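Please read them with the sequence and the 3D view open.

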Amino acid sequence: MERSDRNKLLLLCLFTFVIRLYVITQTPLISTDSFAFIQNAKHFSHGEFTEGLEHPFHPLYSMLMALFKPAFNSFETSGEFVSLIFGTLTIFPLFFLTRRIFSRRVAFAAAFILAIHPFHIRLSADVMSDV
């Protein structure tokens with residue numbers, strides 16, 4: 001990857017991060033599934049892995065919430081952080097896959113569209129694993 005392309009991609013990643021961070025600060029309520037993920041994260045945080053794995057939702061998101069909870073002192077904030085990070089990082093696989101299949105130009109366009117897509121932004125700013 002050329003240096004200029006790498007810089008553009010990193011700038012786009014930063015842009016993506018800032019948009020999602022802003023939306024997190026403007027979102028007063030968490031979604032309906034968030035409660036279940038927070039409950040599972042509490043189980044994992046307390047070492048109750050059997051209880052955490054009994055829930056029908058996949059456990060990785062809740063495990064990551066439990067992992068980051070000490071840094072934020074809140075399960076909700078740690079869940080928002082996990083969504084923010086993974087929502088931002090989705091720019092990279094989309095860019096590289098699109099570049100491989102189509103072209104560099106199409107890859108940047110696709111990554112930019114994902115960066116500003118309202119639904120993706122909203123999902124990246126909530127405690128849910130649908131990013």
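Which helix gives the most to the nonpolar patch?

1. The patch. The model is predicted, and the notes below should be read with that in mind. Helix H7, residues 104-116, gives the most to the nonpolar patch, with 3 residues. Ile113 is found in helix H7.

2. Thr16. This residue is found in helix H1, which runs over residues 3-26. Is Thr16 buried or exposed? Its relative accessibility is 0%, so Thr16 counts as buried. Leaving out residues up to four places away in sequence, Thr16 touches Gly87, Thr88, Ile91 and Ala115. Thr16 and Leu114 are 98 residues apart in sequence, yet their C-alpha atoms are 8.6 Å apart in space.

3. The cores. The largest nonpolar core has 11 residues, including Phe37, Ile38, Phe44, Tyr61, Met65, Phe75 and Val127. At least two residues of this core come from each of helix H2 (32-45), helix H4 (60-72) and helix H5 (75-89). Another core, of 9 residues, lies apart from it, and Leu9, Ile91, Phe95 and Leu114 are among its members. As general background, nonpolar side chains tend to be buried together in soluble globular proteins.

4. Ile38. This member of the largest core touches Ile30, Met65, Phe75, Glu76 and Val127, when residues up to four places away in sequence are not counted.

5. Salt bridges. How many salt bridges does a search of the whole structure find? The search finds 2. In one, the side chains of Arg104 and Asp5 meet, with an N to O distance of 2.7 Å. Arg104 lies in helix H7 and Asp5 in helix H1, so this pair ties together parts that are 99 residues apart in sequence. Arg104 counts as partly exposed because its relative accessibility is 37%, while Asp5, at 4%, counts as buried.

6. The other pair. Asp126 forms a salt bridge with Arg122, and the closest N and O atoms are 3.4 Å apart. Asp126 has 2% relative accessibility and therefore counts as buried. Arg122, at 36% relative accessibility, counts as partly exposed. In general, side chains of opposite charge can pair when their charged atoms come close.

Conventions: Residues numbered from 1 in each chain as written. Predicted model: local features only at pLDDT ≥ 70, side-chain atom pairs only at ≥ 80, totals over all residues. Heavy atoms only, no water. Helix = DSSP H or I, 4+ residues; strand = E, 2+ residues; numbered from the N terminus. Buried < 20%, exposed > 50% of the residue type's maximum accessible area, 1.4 Å probe, protein only. Contact = heavy atoms within 4.5 Å. Core = buried A, V, L, I, M, F, W, Y, C linked by side-chain atoms within 4.5 Å. Salt bridge = Lys/Arg side-chain N within 4 Å of Asp/Glu carboxyl O.
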